[in-house]
Amino acid sequence: MFTNILSRNDFETTGVDCICQSINSLLQIWEIGNDFIKENGAITGITMSEFWDHHVVTVNTSFILLHQGMEALLKAHICGHSPMLLLEAKRNEWPTKPGNKHLDFSQFHQVGGESLFITFFATDPPNHMGKHIFYNLIEEIRTIRNKIVHVGHKNNIEVKDALSYALKILTYYFGKDKWLEFLRDRYRRNPVNINSVERIPYFWNTINFVWENIGKAECRKNLSLERQTRFYHCPSCSVDLDGLASHEEIKLSLLRPNDPLSTTVYCLICDREHDVIRQSCDKEACPGNVISVGGLEKICLTCFK
Ligand SMILES: [Zn+2]
Ligand SMILES: [Zn+2]
């Protein structure tokens, strides 16, 4: 018989890990380039596009990882029917007769490429994934990945497209906004990041990276937040930020529900809701009217004073 048969959950975890890591690799390069260009761009004349060209290997590698993640998610759906559909070996090679030696499931070749797609579409995918548009999406990703692997380290993919593909696959499979939750969970689970103030700029940078690189229309398809959304400080997370240079601009809480009488803010960083009162801020020139009442003092979540 087979031992250690993989489950839908195993493949989903692998798929999400690969795709999140693919986004993270791009984000890390973007953070370095963006900081450099902000400080030295005018003097050196170096552009972000030149910076990405220099990092073509990272961009390509991140895309190969995205392709691997996409295949894992297709396999996860197939597993929901039966993991046996993933096996490439002929039935008469299966070690399933009584008395056969037990064999680990992972030792058997699994279907890939075209066969994987055909199997996926044979397993009754949810309506939005059973359509031509989804087939075209995964076929595009496969074609670009093959180019990277077979042709070599040329500029086969623009960063904005790589990022869009990653978000699209996660949105198709799990629904809108899920990618941010996945990135947060993976970052928070890293033992060195527990309680780290670094996680706050990290989320700020992640969202800004997406906003700046994939354009408004693509953003809207994958994320409910818009750059124009009015953000507030978090009464809990923003305290940790005291002393950091970017303190003023880093706001990732929003009213929930988003209406003028709302008395709750939800923070994307700590994933918690906080009570607020609606009262005008008494600091000169501050238009804020969302005040935290959780601590000893009232704090305006617009100016954080
Ligand atoms: Zn928070
Ligand atoms: Zn204020």
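Strands β4 and β5 run antiparallel and are joined by 4 bridges. I start there, with the reminder that this is a predicted model.

One of the pairs across those two strands puts Cys 267 opposite Arg 272 in β5. The two strands form a hairpin, and 4 residues lie between them. Asp 271 sits in that turn and has a positive phi of about 60°.

Staying with β4, which covers residues 264–267, the side chains alternate along the strand. Val 265 and Cys 267 point to one face, and these two are buried.

On its other pairing, β4 meets β3 in the antiparallel sense, over 3 bridges. Ser 253 has Cys 267 in β4 as its bridge partner.

Moving along, β5 spans residues 272–278 and β6 spans residues 290–292. They too pair in the antiparallel sense, with 3 bridges. Within this pair, Arg 278 has Val 290 in β6 as its bridge partner, and Val 276 stands opposite Ser 292.

Put together, what is the order of the strands in this open sheet? The order is β3-β4-β5-β6-β7, which makes 5 strands with antiparallel pairing. The edges are β3, residues 253–255, and β7, residues 299–300. Each edge strand has a single partner, so one side of each is left without a neighbour in the sheet.

Next, the helices. The pair I picked is α1, residues 8–44, and α6, residues 159–174. Their axes are 10 Å apart and the packing angle is about 155°. That angle makes α1 roughly antiparallel to α6. The crossing is left-handed.

Which residues meet there? From α1 they are Ile 19, Ser 22, Ile 23 and Leu 26. From α6 they are Val 159, Ala 162, Leu 163, Ala 166, Ile 169 and Leu 170. By type, the contact divides into 9 nonpolar residues, 1 polar and no charged.

In another helix, α3, which runs over residues 56–79, we find Asn 60. Is Asn 60 buried or exposed? Asn 60 is buried, because 23 other C-beta atoms lie within 10 Å and the cut-off for buried is 20 or more. Asn 60 is 98 residues from Glu 158 in sequence, while their C-alpha atoms are 9.6 Å apart in space.

Most residues other than glycine have a negative phi, and most peptide bonds are trans. Asn 4 is not a glycine, yet its phi is positive, about 50°. Asn 4 belongs to the loop between β1, residues 2–3, and α1. Asn 4 is exposed, with 11 other C-beta atoms within 10 Å.

Asp 177 is a further case: not a glycine, and with a positive phi of about 75°. The loop between α6 and α7, residues 178–189, holds Asp 177. Asp 177 has 14 other C-beta atoms within 10 Å and is partly exposed. Asp 271, from the hairpin turn, also has a positive phi, about 60°.

Where is the cis peptide bond that I want to show? This bond joins Arg 256 and Pro 257, and omega is about -5°. Pro 257 is placed in the loop between β3 and β4, which takes us back to the sheet.

Last, the overall numbers. The protein has 9 helices and 7 strands. Its C-alpha atoms fill a box of roughly 80 × 50 × 40 Å along the principal axes. Of the 305 residues, 31% are buried. Taking contacts between residues at least 6 apart in sequence, 61% join residues at least 24 apart.

That is what I have. Questions, please.

Note on methods
Residues numbered from 1 in each chain as written. Chains lettered and ligands numbered in written order. Predicted model: local features only at pLDDT ≥ 70, side-chain atom pairs only at ≥ 80, totals over all residues. Axes fitted to C-alpha atoms, helices over the stretch in contact; angles between N-to-C directions. Parallel < 35°, antiparallel > 145°, perpendicular 65-115°, else oblique. Left-handed = near helix turned anticlockwise from the far one by under 90°. Contact = placed C-beta atoms within 7 Å. Nonpolar A, V, L, I, M, F, W, Y, C, P; charged D, E, K, R; others polar. Pairing = 2+ DSSP bridges. Buried ≥ 20, exposed ≤ 12 C-beta atoms within 10 Å, placed from the backbone.
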